Amino acid sequence: MDASIFSRFLNSGLPLLATLREYRLAWLSKDSIAGISACIVSIPSVIAYAELVHLPPIAGLYAALAAAIGYALFSSSRHVIAGPDAAIGLLAGSAILPLSGGDPARIVVLAAVLSILSGCVLLLAARLKLGVIADLLSRPVLIGYLNGASLVLISTQLGKMFGIKTEGEEFFQIVYTVIQQLPQTQVPTFILGVLLVLLLFGLARWAPRIPGALAVCAAAIVATFLLDLGSYGIALVGAVPSGVPSLTIPGVRWADVAALAPAAVAIAFLAFSDGILLAQTFAEKNGYEVKPNRELVALGSANILAGLWQGFPVSASQSRTSIVDSAGGRTQVAQLILAVGLLLFLFFLTGLIALLPKVALGAILIVTAIGMLELASLRGLYKVDRVEFGIATGVTVAILVAGVVPGIILGLLLSLISVLVEISRPDDAVLRRRRIDGKFHDCRDDEEGVETVPGLLVYRLYAPLMFANARHVMNRIRTLVDAADSPVRWLVIDAQAIHDMDVTAAQRFAELHRELADEGVDVKIADAPRPFLEELAKVGLSEEIGRMDFFVSVKKAVEAFERQHGAPTVAAGRG
């Protein structure tokens, strides 16, 4: 292979190599500050997110380290930081726990398998160039998911806040258990939890530049050291291992793969939809482009490496990415420096985690969940579109009742169904002429100064013609022709919005054309785009309609009708 070709291959496959080749030492200071800042902020968060997957806190650091390396190697984004995420962690935990039987060792294996499966789904999507798959997760589905996941996340942390043991993973079951066990509340734990939650809100309100999770963990560790909180019955994280585990392929059971597959697909959808939106936002802000399919590869690689490194599924992190950007980070080197910081912490500072009260992790997750709530967006949906509001609410209710994975799958189905319904019943209009300018428009029924031309029906469809709506549109045209005030001589179809037509729709259109021709109605086409004309030619309708029946505009078609028939106009509106 030619050296230049090989070089281009490496650069396209590993964008980091191209970055390093063009790297300037002047960027290193800012990349270093950005990477160190993101590392310091991420440590308490990723430890907390491991709790959502029912893994030991150290697993969060393993996942963060693997994600940082895997994502930096393949990403086209220079700013996005990958790692554990609250929403993804909750989804993963809800899928894993029912299969684990409460066995901690099995949870570790299942989490790794799920992470690898999610990565494989993302890589497969990249191979098939399915970077557009994220569009299937509509905004209402994401709002519904975030609201449902936030409430479930809050419920799962109530046990830590009250110092009691909860049962199950479903929202209502957990809440019922907490209410039942309120008399057994461990008061010192509850007081500490409330104080830490208030500290988090206070910092967010009055000192937003201070990383709340880091401050809470530091305060809790210092309090444990000075006041011996463990002697008051407050549960601590306890000893954690130092160093990093060796890369390991988890033992896979085919039954586990089948059971985890729906969750893996849901995680892939969520991870990519959030990741590509984040990457595009910061790329636009900083003046460069990202490649959606390259982001699929990066997220897939991050998840596979996290699974091999005894971690769990990961995604892009908005908070850590914002920190890198605000610190002036220029390239993926910031993420590599973050990885170095995590390595140093894993080898030399894990002893600090042992002093951390578990309620501190609960406080961090509760405040994180409250920040995830999309109540304002839900109110906006209610005002703008009740159907989309219903989809968002339905997803939230499904998550609360059936669980996170069924809820997100229901959301995907609802999105697809709503799209099909919208396509099957597209908007259309009968155009009428305004006297003021002599042009045909889509006018309101009560609009003044509009008129129709007897014997002429001008119809506009605001959608492509396809199998899902062909029958409805042809029946609609048939009804309009039959209901016209005077017998229709010409049917002019304004085709400017019909940018596509499939074979099924073309056949139905041909049937309608022949039916109307037998009744003495001439069908004319105005302002037809190229794809529509090509499909007409494929089914032989171009020759059947005839070249003289195609017009460049509705105006030209109407002028031809009036020359041929000399029809007078009649008022169709007031005035």
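Modeller: This is a predicted model. A salt bridge here is a side-chain nitrogen of Lys or Arg within 4 Å of a carboxyl oxygen of Asp or Glu. By that rule, the count is 11 salt bridges.

Biologist: What makes glutamate 51 and lysine 160 a salt bridge?

Modeller: Their N to O distance is 3.2 Å. The cut-off is within 4 Å, so the pair qualifies. Glutamate 51 sits in helix α3 (residues 25-52) and lysine 160 in helix α7 (residues 139-162), so the pair ties together parts 109 residues apart in sequence. Both glutamate 51 and lysine 160 are buried.

Biologist: How do you know that lysine 285 and aspartate 325 form a salt bridge?

Modeller: Their closest N and O atoms are 2.5 Å apart. Lysine 285 belongs to helix α11 (residues 254-286) and aspartate 325 to helix α13 (residues 318-326), 40 residues apart.

Biologist: Why is lysine 285 called exposed?

Modeller: Its relative accessible area is 58%.

Biologist: Why does glutamate 515 count as partly exposed?

Modeller: Glutamate 515 has 36% relative accessibility. That lies between the 20% and 50% limits, so it is partly exposed. Glutamate 515 also meets arginine 478 in a salt bridge, at 2.7 Å from N to O.

Biologist: Which residues are linked in a network of salt bridges?

Modeller: Arg478, Asp482, Glu515 and Glu519.

Note on methods: Residues are numbered from 1 along each chain as its sequence is written. This is a predicted model: local features need pLDDT of at least 70, side-chain atom pairs count only at pLDDT 80 or more; totals for chains, interfaces and linings use all residues. Side-chain values use heavy atoms; hydrogens and water are left out. Helices (H or I, at least four residues) and strands (E, at least two) are DSSP runs, numbered from the N terminus. Buried means under 20% relative accessible area, exposed over 50%, partly exposed in between (1.4 Å probe, protein chains only).
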